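Biologist: I'd like to go through this model with you, one spot at a time. Can we start with a single residue and work outwards?

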Amino acid sequence: MKFIGIIPARYASTRFPGKPLAMLGGKPVIQRVYEQVTSVLGEAYVATDDDRIFKAVESFGGHAVMTRTDHKSGTDRIEEAAIKLQTNADVIINVQGDEPFIQKSQLETVKHLFDDPNTQIATLGKPFESMEAVQNPNSPKIVCDVNGYAMYFSRSVIPYIRGKESSDWLLHFPFLKHIGLYAYRREVLSQITKLPQSPLELAESLEQLRWLQNGYRIKVGLTDVETVGIDTPEDLERAEQFLKEFKD
């Protein structure tokens, strides 16, 4: 089975314009993401809509694909890139361009989820470590079935633990945080990017609910690794510190 990585990277960002080109430990963020992905998958491409990012990727010896500026999601951008590349990959792994510390173990876990022939889409979950973190609406929660397939994703705290103080809920249920790393079988990626937005997706602002609501199955792997994504300049400062500790 052939896997490739596609890394969507836009220059425009409300909270941090140009973050793929921000320097982290002497390298652009997008280079660190690319190097992490290629160390595991071998083949990867940055899908961008900005010539500055395209040239930066080529300058460090990476591969990039120019895509349209009007995509509503990273998934749509990846599908356009896959078409342009005419890839023969069986599975495409979507790694966000602001995740410079994505780990080998996480990518390997996602790859192995496709050992199950019923896996159409794969992603990761990490056990929460505090109720304060569980209650953060910016950290989507996952509820899975007994076979490890996602039943629902929500910004709300799910499930509700009846008869227990909310401060003690983590003692009674293994709440699972969604880690936004996705992989798709090639034909499934083509199908899901043709779907219209769904009511659940619009309600929660979570794209994966579109796929679930249309009957696609998302297999969830487990990771115990917490990486440092970069959404703001403050996150970049945290990432610099994390990089120092990572090297030590």
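Biologist: Is Val33 buried or exposed?

Modeller: Val33 counts as buried, because its relative accessibility is 0%. Buried means under 20% relative accessible area, exposed over 50%, and partly exposed in between, with a 1.4 Å probe and protein chains only. A caution on the source: this is a predicted model, where local features need pLDDT of at least 70 and side-chain atom pairs count only at pLDDT 80 or more, while totals for chains, interfaces and linings use all residues. Residues are numbered from 1 along each chain as its sequence is written, and side-chain values use heavy atoms, with hydrogens and water left out.

Biologist: Where is the place of Val33?

Modeller: Val33 is in helix H1. Helices (H or I, at least four residues) and strands (E, at least two) are DSSP runs, numbered from the N terminus.

Biologist: And what does Val33 touch?

Modeller: Ile7, Val95, Gln96, Gly97, Asp98, Glu99 and Pro100, not counting residues up to four places away in sequence. Contact means heavy atoms within 4.5 Å. Val33 and Ile7 are 26 residues apart along the chain, and their C-alpha atoms are separated by 8.1 Å.

Biologist: Which other residues in H1 are buried?

Modeller: Besides Val33, the buried ones are Val29, Ile30, Gln31, Arg32, Tyr34, Val37, Val40 and Leu41.

Biologist: What span should H1 have at 1.5 Å a residue?

Modeller: The 13 residues should span 18 Å, and the end C-alpha atoms are 19 Å apart, so the two agree. The expected span is 1.5 Å times one less than the number of residues. Just after H1, Gly42 takes a positive phi of about 85°.

Biologist: At what angle do H1 and H4 pack?

Modeller: About 50°, with the axes 10 Å apart; H1 covers residues 29-41 and H4 covers residues 104-112. That makes H1 oblique to H4. Angles under 35 degrees count as roughly parallel, over 145 as roughly antiparallel, 65 to 115 as roughly perpendicular and the rest as oblique. Axes are lines fitted to C-alpha atoms, for helices over the stretch in contact, and angles run from 0 to 180 degrees between N-to-C directions.

Biologist: Which residues make that contact?

Modeller: H1 brings Gln36, Val37, Val40 and Leu41, and H4 brings Lys104, Leu107, Glu108 and Lys111. Of these, Val37, Val40 and Leu41 are also among the buried residues of H1.

Biologist: New topic. What about H3, how far does it reach?

Modeller: H3 (residues 74-85) has 12 residues and reaches 16 Å from its first C-alpha to its last, close to the expected 16 Å. Its buried residues are Thr75, Asp76, Arg77, Ile78, Glu79, Glu80, Ala81 and Ala82.

Biologist: What comes just after H3?

Modeller: Gln86, with a positive phi of about 50°, although Gln86 is not a glycine. Most residues other than glycine have a negative phi, and most peptide bonds are trans. Gln86 lies in the loop between H3 and S6. Gln86 counts as exposed, because its relative accessibility is 71%.

Biologist: What is phi of Ser205 near?

Modeller: Near 55°, a positive value in a residue other than glycine. Ser205 is in the loop between helix H7 (199-204) and helix H8 (208-213). At 54% relative accessibility, Ser205 counts as exposed.

Biologist: Which peptide bond is the cis one, with omega near 0°?

Modeller: The bond from Ile158 to Pro159. Pro159 lies in the loop between strand S9 (150-154) and strand S10 (176-185).

Biologist: Last one. What is Thr232 in contact with?

Modeller: Arg15 and Phe16, leaving aside neighbours within four places in sequence. Thr232 sits in the loop between strand S11 (218-222) and helix H9 (233-247). Thr232 counts as buried, at 16% relative accessibility.
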